[in-house]
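Please consult the sequence and the model shown here alongside the text.

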Amino acid sequence: MMAAAEKKNRPDPGRQVRVRCLACFARFVPSPASDRARCPACGLWWRLAWVGEDFAKIRGPVWESFPGMEDVDI
Amino acid sequence: MSQVSVTSQRLAVIDLERRTFRVEQLDPQLTSRFLGGRGLAARLLMQYAPRGCDPLGPENPLIISAGLLTGTMASASARVNFAARSPLTGLLGSSNMGGGFGPELRWAGFEHLVIRGRASEPLWLYVRDGKVEFFPAARLWGQGVYQTRRSLYAEIADPRAQVLCIGPAGENQVRFACIMGGIKSAAGRTGMGAVMGSKNLKAIVCRGRGDLPIARPEKALEYNRRVIGQVVSSKVSRVMQRWGTAFIFDVTNTTGLVRTRNFQYNQLPRSEDLECEAMEPYSQSMAACFGCQVHCRHRYRLASGPYRDFWGQGPEYSSLGAFGTEVGCRSMRTVLECNHLVNDLGLDTIETGSMIAWAMELYEKGILTRADTGGLELGWGNDRAVAEMIRQIAYRRHLGDILARGPLPAAEAIGKDSRRYLIQVKGMSSLHSDERPTPSLALNIAVASRGADHLRGRPAIDLYNLPLDLLEKVYRRPDGYDGPLVNDWTSYRGKARMVMWQEILYMLVDSLGICKFHTVFFSPNHPAFEEFSQLVEYNTGLELSARQLWTAGWRCCVLERIYNLDHGLARDDDWLPDRFFDEPTPLGLPVARGKCLDREKFAAMVSEYYRLYGLDRDGRPSPELLNRLGLSGQLAGHAAGGGQ
Amino acid sequence: MSAAGPKRLHVIADRCTGCRLCEAVCAVRHLGVTNPEKARLQVQVSEDDNTFTPVVCRQCKKPRCIEACPGQALSRDENTRIMHLEESACDGCGKCIEACPFRALRPDPGTGLPLACDLCGGDPCCAEFCDAGAIVFAAARPGKSR
Ligand code: SF4
Ligand SMILES: [Zn+2]
């Protein structure tokens with residue numbers, strides 16, 4: 001039997017890494033291991049974090065390009 | 001020791017005045033009707049708390065209840081519930097924690113402790129192997145939680161015992177003091193620590209060596225393993241295994257769903273240091289509650305500062321708001337230090353952060369000045385002032401003494417128009433989430449049984465824009481609901497159902513003693529009624545279908561409402577502060593920007609929620625509902641409505 | 001059986017999260033109850049000291065416990081290293097418990113007999129339930145990285 005720990009979190013190289021754009025909800029494929037990605041649908045830039053080789057998540061926006069921040073000063 | 005049986009639960013009634021205890025077996029019927037944990041605790045509260053008793057008086061019992069599955073090895077079956085009349089709200093006091101105390105209580109021979117009266121001098125209780133012993137705690141009085149734990153472990157010389165205690169905040173009866181189990185687990189909300197403090201009860205140590213029988217061991221092992229697999233295979237569990245609940249911040253702050261500077265903004269831009277990934281340099285490893293494979297808690301130690309000699313665990317998502325966005329701070333280091341502080345002083349994170357953020361807004365508006373704060377500069381983003389204010393609250397100094405009374409009494413004491421800046425419901429402050437753009441989440445905090453509280457009914461998966469068929473698979477079961485459901489989180493339609501469904505599900509897991517991260521909270525694919533029906537059967541032998549569990553959860557939810565109605569709850573209390581309706585969100589992504597709630601639509605949603613529950617237009621249970629849930633006979637004379 | 005020898009339980013303590021599920025399932029598998037005092041392994045947990053240490057039977061090459069047993073109640077299959085306690089031959093003298101250099105052997109608080117690990121007959125449930133990988137059943141000790 002394979003130990004539970006070996007079964008768990010086994011990278012699945014066949015699986016395509018997809019993240020969901022938090023602005024327009026489109027799903028897109030970031031390039032492997034990159035820490036930034038641009039949503040092809042709405043053009044917003046995101047910072048990424050990687051949970052595993054097969055799993056990326058959005059960490060936050062690239063604030064300089066975040067819409068509507070021109071006169072926000074907090 | 002009394003007989004262990006799955007259907008008849010064991011209860012110790014403890015009298016602090018006489019220093020005696022007696023053991024009772026509960027009527028087995030109560031188990032199938034109210035399960036255990038939070039549900040059965042509400043039932044016991046009805047029985048043991050005289051209606052309208054002073055929350056900090058000796059008549060208010062402190063009721064500690066293990067869940068029906070607590071300690072069984074079912075997925076994360078760690079939780080234990082605390083109930084009393086709340087000194088914060090005057091309504092239902094109810095809070096639960098994970099960690100190790102709940103299972104230990106059962107191995108020690110009890111499902112429930114009902115603690116009555118007030119000790120004439122500080123005491124701690126030793127609950128072990130079917131007995132309760134009373135020890136003087138004068139020496140411990142005044143000590144923080146960390147030191148109290150060290151002292152007690154040194155005294156009992158048994159590292160496997162579990163310790164519950166209060167810190168100075170509980171001793172000083174801060175209305176939102178918590179009870180700490182471990183260095184991180186807390187019964188945070190509704191002021192259960194103040195109740196313990198009012199009883200002169202500093203700590204409860206528990207140690208058990210008794211068996212907890214599993215009804216069908218082979219089946220239970222196999223099925224438990226399957227359910228754990230179901231939980232850990234979800235994406236969100238993988239994220240939580242690494243970053244804990246702090247992961248939520250990345251999504252909500254980006255979107256614009258995070259209360260910032262009390263309620264002035266809904267996002268804190270350029271707060272990279274509050275993102276969950278910013279915890280990595282501090283985190284040594286992860287820790288888990290009993291039986292949990294999600295292990296959502298960071299273990300950390302700061303290299304400098306007053307807590308350099310103490311390990312801490314956390315921070316939770318709530319800490320990032322309480323000591324981050326709400327007070328306008330952008331530092332993980334501050335969050336960690338404040339996390340240490342509230343855990344050591346024994347304060348509820350959410351209430352503490354909210355009170356300080358509110359005070360900061362009053363300070364900005366000139367309603368409070370340095371004369372009120374003991375000279376403290378209460379400006380936004382003043383990290384040092386936040387930490388100092390936490391101490392002021394715990395020790396009731398200067399402004400801290402006023403904030404320690406909780407939102408509504410504090411507003412009354414400060415006067416002017418301070419009340420309109422409060423973000424509270426039923427006298428309890430809200431998490432730092434900003435619900436203006438999300439009607440379903442807003443309804444959840446408006447109607448929750450213990451005041452503004454996300455953990456009583458948050459349909460978090462509403463934020464995922466799930467395919468409608470998946471949403472239907474979740475929310476139409478197990479009773480075959482056939483009303484509207486909408487997968488657009490800006491909509492008001494069908495959301496009352498989501499909130500009711502989540503309320504009943506959360507009631508169920510709180511009553512079983514299972515952690516919410518192991519049910520449909522952040523993932524639609526986690527266990528729900530069907531799985532819990534199997535878990536209950538294999539672990540306890542009790543055969544309750546998914547439908548029967550649904551009804552039991554419903555019954556317990558209505559019971560909590562009856563308790564609140566008995567203590568003055570009215571329809572107006574299931575409502576949000578004006579700011580939710582009048583001040584549109586200034587920041588965030590387009591989907592969350594410029595949003596506030598619509599009074600009319602929101603009122604219709606509350607009415608729909610009442611209707612789905614079988615409540616009348618004032619939110620009172622009709623005689624038919626009481627009859628249907630088997631609550632009428634028992635609760636004659638209580639707040640039945642519909643008649644007038 | 002692989003050339004590396006029989007499978008054994010390995011502990012990688014820095015992966016342990018202190019959940020103690022292993023203690024719970026062990027007692028359920030053997031006795032049908034949860035009761036950490038009756039588990040054949042123990043996790044020493046202290047949040048305050050940040051201690052998270054599983055203590056398990058190591059299936060030693062030279063098992064001191066078996067050597068110490070005066071009545072030959074304790075024995076094992078040398079191929080699988082599955083231990084067996086012949087209860088009728090054991091008078092609970094405790095010599096095996098004293099002999100274990102890892103303090104992995106403890107008495108059952110009810111009967112006084114040693115709680116000897118039998119690897120659940122070859123598929124130990126502690127390892128099966130430990131998703132963190134702190135207890136691993138394998139011939140060789142796995143690498144530390146996760
Ligand atoms: S997910 Fe977190 S809170 Fe829930 S049981 Fe596991 S460690 Fe405890
Ligand atoms: Zn996009």
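## Interface of chain B and chain A

Between chain B and chain A there are six salt bridges, a salt bridge being a side-chain nitrogen of Lys or Arg within 4 Å of a carboxyl oxygen of Asp or Glu. One of them pairs A:Asp54 with B:Arg238, whose closest N and O atoms are 3.3 Å apart. On the side of chain B that touches chain A, α8 (235-243) and α9 (247-255) of chain B are the elements that give two or more residues. The largest share of that side, six residues, comes from α8(B). Helices here are DSSP runs of H or I with at least four residues, strands are runs of E with at least two, and both are numbered from the N terminus.

This is a predicted model, in which local features need pLDDT of at least 70 and side-chain atom pairs count only at pLDDT 80 or more, while totals for chains, interfaces and linings use all residues. Residues are numbered from 1 along each chain as its sequence is written, chains are lettered from A and ligands numbered from 1 in the order in which they are written, and side-chain values use heavy atoms, with hydrogens and water left out.

Chain B brings 33 residues to the contact and chain A brings 30 residues, contact meaning heavy atoms within 4.5 Å. The size of an interface is often given as the accessible area lost when the parts come together. For chain B and chain A the buried area is about 2700 Å², with carbon and sulfur atoms giving 56%; buried area is the accessible area (1.4 Å probe) that two parts lose on being put together, summed over both. Twelve residue pairs, both at pLDDT 80 or more, are in polar contact between chain B and chain A. A polar contact is a pair of N or O atoms within 3.5 Å; within protein, one must be able to donate a hydrogen and the other to accept it, and residues adjacent in sequence count only if both atoms are side-chain atoms.

## Interface of chain C and chain B

In this second interface, 32 residues of chain C are in contact with 42 residues of chain B. The area buried between chain C and chain B is about 3100 Å², to which carbon and sulfur atoms contribute 47%. Within chain C, the residues that lose the most area to chain B are C:Thr34, C:Glu47 and C:Asp48, together 21% of what that side buries.

The count of salt bridges between chain C and chain B is six. Among them, B:Arg207 is bridged to C:Glu37, with the closest N and O atoms 3.0 Å apart. Across the interface of chain C and chain B, 21 residue pairs are in polar contact, both at pLDDT 80 or more. At least two residues of the side of chain C that touches chain B are supplied by each of α1 (21-31), β2 (33-34), β3 (42-46) and α4 (125-129) of chain C. The largest share of this side, six residues, comes from α1(C).

## Zinc site in chain A

The zinc ion (ligand 2) is coordinated at 2.3 Å by the SG atoms of A:Cys21, A:Cys24, A:Cys39 and A:Cys42. Donors are N, O and S atoms within 2.8 Å of the metal (3.2 Å for Na, K and Ca), and water is not among the atoms, so sites may look incomplete. The angles among the four donor atoms of the zinc ion (ligand 2) are 105 to 118°, and the site is tetrahedral, a term that requires all angles of four donors to lie between 85 and 135 degrees.

The donor residues of the zinc ion (ligand 2) follow the sequence spacing C-x2-C-x14-C-x2-C. A:Cys21, in the loop between β1 (19-20) and β2 (27-28) of chain A, and A:Cys39, in the loop between β3 (36-38) and β4 (45-52) of chain A, are 18 residues apart and link distant parts of the chain. Both A:Cys21 and A:Cys39 are buried, that is, under 20% relative accessible area, where exposed is over 50% and partly exposed lies in between (1.4 Å probe, protein chains only).

## Local backbone features of chain B

Most residues other than glycine have a negative phi, and most peptide bonds are trans.

B:Gln173 has a positive phi, near 55°. At 24% relative accessibility, B:Gln173 counts as partly exposed. B:His398 likewise has a positive phi, near 50°, and lies in helix α15 (residues 398-403) of chain B.

Technical notes: Four donors count as tetrahedral if all angles lie between 85 and 135 degrees; four count as square planar and six as octahedral if opposite donors are over 155 degrees apart and all others between 65 and 115; anything else is irregular.
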